[in-house]
Each structure stands twice: as structure tokens, then as C-alpha cells.
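Okay, everyone, thanks for coming. Let me put today's structure up on the screen, and then we'll walk through it together.

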Amino acid sequence: MNISALSVTLPAVELSGQLGIAVLSKALDTAEVTGDAIAQMIEASVTGLGQNLDIRV
């Protein structure tokens, strides 16, 4: 095992892992904000639901 190569590779792997976690964290934050916005839009769209009934015979 080459110790010098390992000492160079290990920090790169750690940095890559940290970068992946940061990107996933940002994606999760964005998904939460988008989900909240969609929930608010759905709540706003159902006003008056069931107040009118149209019947044809």
C-alpha cells in the first residue's frame, strides 16, 4: 500500500462526500419549500367547494 498516494486520495474522497451531502441538503430544502407552496396553492383552490349543486333532469 502506497502511503503517499493514500494521503492524497483520502482528503479528496472526504471532500467529495461533503460536497454530495451539501448538494442533497440544498435539494431537500428546495423540496420542502416547493411542497409548502403546493400545499398552500391546493388549500387556496378549494374555497367554495361543495357550495353549489347543479342538477339536470
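So, how much of this chain is buried? Of the 57 residues in the protein chain, buried ones make up 0%. Keep in mind that this is a predicted model. And buried here means under 20% relative accessible area.

What about the surface, then? The protein chain exposes about 5500 Å², and 65% of that comes from carbon and sulfur atoms.

Now the overall layout. The protein chain has one helix and zero strands. Its radius of gyration is 26 Å, whereas the globule rule gives 10 Å for 57 residues, so the chain is more spread out than a compact globule. You can see that in the C-alpha trace too: along its principal axes, the trace spans about 85 × 20 × 5 Å.

Let's zoom in on the helix. Helix 1 covers residues 3–45, and isoleucine 38 is part of it. Isoleucine 38 has a relative accessible area of 44%, so we call it partly exposed. That residue also belongs to a nonpolar surface patch of about 400 Å², along with Ile42, Val46 and Leu49.

Next up is alanine 37, which also sits in helix 1. With a relative accessible area of 34%, alanine 37 is partly exposed. If you go from alanine 37 to serine 25, that's twelve residues in sequence, and the distance in space is 19 Å, C-alpha to C-alpha.

Okay, over to you for questions.

Notes
Residues are numbered from 1 along each chain as its sequence is written. This is a predicted model: local features need pLDDT of at least 70, side-chain atom pairs count only at pLDDT 80 or more; totals for chains, interfaces and linings use all residues. Side-chain values use heavy atoms; hydrogens and water are left out. Patches are made of residues with over 30% relative accessible area and no salt bridge: like charges are joined within 9 Å, nonpolar side chains (Val, Leu, Ile, Met, Phe, Trp, Tyr) within 5 Å. Accessible areas come from the Shrake-Rupley method with a 1.4 Å probe; for residues, only the protein chains shown count as cover. A salt bridge is a side-chain nitrogen of Lys or Arg within 4 Å of a carboxyl oxygen of Asp or Glu. Helices (H or I, at least four residues) and strands (E, at least two) are DSSP runs, numbered from the N terminus. Buried means under 20% relative accessible area, exposed over 50%, partly exposed in between (1.4 Å probe, protein chains only). The radius of gyration is taken over C-alpha atoms; the globule rule is 2.2 Å times the number of residues to the power 0.38.
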